[in-house]
Amino acid sequence: MPAQSHADKLLRLAAKQPAVSARELSAHGIPARTVSRMAARGQVHRVGRGLYTGAEGSPSAHQSAIEVTRQAPKAVVCLLSALEIHGIGVQAPFEVWIALPAGTHAPKGAQVALRVTRLSGEAFTEGIETVVLDGAPVRVYSLAKTITDCFKLRSKVGLDVALEALREAWRQRKVTIDDLWRYAKVNRMTNVMRPYLEAMTG
């Protein structure tokens, strides 16, 4: 395929999504030298290790989360960043909060600030959803799981954040008591959360 056709294909792919990985470009038959040449010319922007965006596109509101999860496929967006995706609370974290399985290394070369939490067993695997943000699939914990995570890791996010998220999600009817109890058990937070859940439903 002529070099110009490779360039055109790259630009089309980059225009369809907030970020495209070098692996995806290679799978579409676009040589690495074409990507490097276009990045040097400013036709695409390198936004992370092996991750590119179109030069003309406006960044997604969730650009950082999209970039990080592209670089770390095992990562799950959690805590403050998950609350933001679910539209709960007024937190606007400048870092991307992600959970990784215990023993997994954080992505290297990320050009966004990260807060990494390591979880194991059901605390990591339960409650994962895939949401599409501006055309890009992103793994994120469900709202009920996120709220119980905030209680579990209240030393990191603050008890006030956990309580605010619980009250707002309940007021907006975005969670059920059954789901909250389920993930409270997964996170071994039933004793901590019990008085707050009983106060809401009493």
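Biologist: At what angle do H10 and H11 pack?

Modeller: In this predicted model, local features need pLDDT of at least 70 and side-chain atom pairs count only at pLDDT 80 or more, while totals for chains, interfaces and linings use all residues. Residues are numbered from 1 along each chain as its sequence is written, and side-chain values use heavy atoms, with hydrogens and water left out. The axes of H10 and H11 are 10 Å apart; axes are lines fitted to C-alpha atoms, for helices over the stretch in contact, and angles run from 0 to 180 degrees between N-to-C directions. The packing angle is about 170 degrees.

Biologist: Is H10 roughly parallel or roughly antiparallel to H11?

Modeller: Angles under 35 degrees count as roughly parallel, over 145 as roughly antiparallel, 65 to 115 as roughly perpendicular and the rest as oblique. The packing angle of H10 and H11 is about 170 degrees, and therefore the relation is roughly antiparallel.

Biologist: How many residues of the contact of H10 with H11 are nonpolar?

Modeller: The contact (heavy atoms within 4.5 Å) involves Ile177, Leu180, Trp181, Ala184 and Lys185 of H10, together with Thr190, Met193, Arg194, Leu197, Met200 and Thr201 of H11. Ala, Val, Leu, Ile, Met, Phe, Trp, Tyr, Cys and Pro count as nonpolar, Asp, Glu, Lys and Arg as charged, and the others, Gly among them, as polar. Alongside 2 polar and 2 charged residues, the nonpolar ones number 7.

Biologist: Is leucine 197 buried or exposed?

Modeller: Leucine 197 is found in H11; helices (H or I, at least four residues) and strands (E, at least two) are DSSP runs, numbered from the N terminus. Leaving aside neighbours within four places in sequence, leucine 197 is in contact with Leu166, Ile177, Leu180 and Trp181. Buried means under 20% relative accessible area, exposed over 50% and partly exposed in between (1.4 Å probe, protein chains only). Because its relative accessibility is 2%, leucine 197 counts as buried.

Biologist: How many residues of H7 are buried?

Modeller: Among the buried residues of H7 are Lys145, Thr148, Asp149 and Phe151. H7 is mostly covered, and of its 10 residues the number buried is 9.

Biologist: Which residue of E6 stands opposite isoleucine 98?

Modeller: E5 is mostly covered, with 5 of its 6 residues buried. Two strands pair if DSSP finds at least two bridges between them: 2 bridges join E5 to the antiparallel strand E4 (residues 76-77), and 6 join E5 to the parallel strand E6 (residues 114-119). The residue of E6 opposite isoleucine 98 is valine 116.
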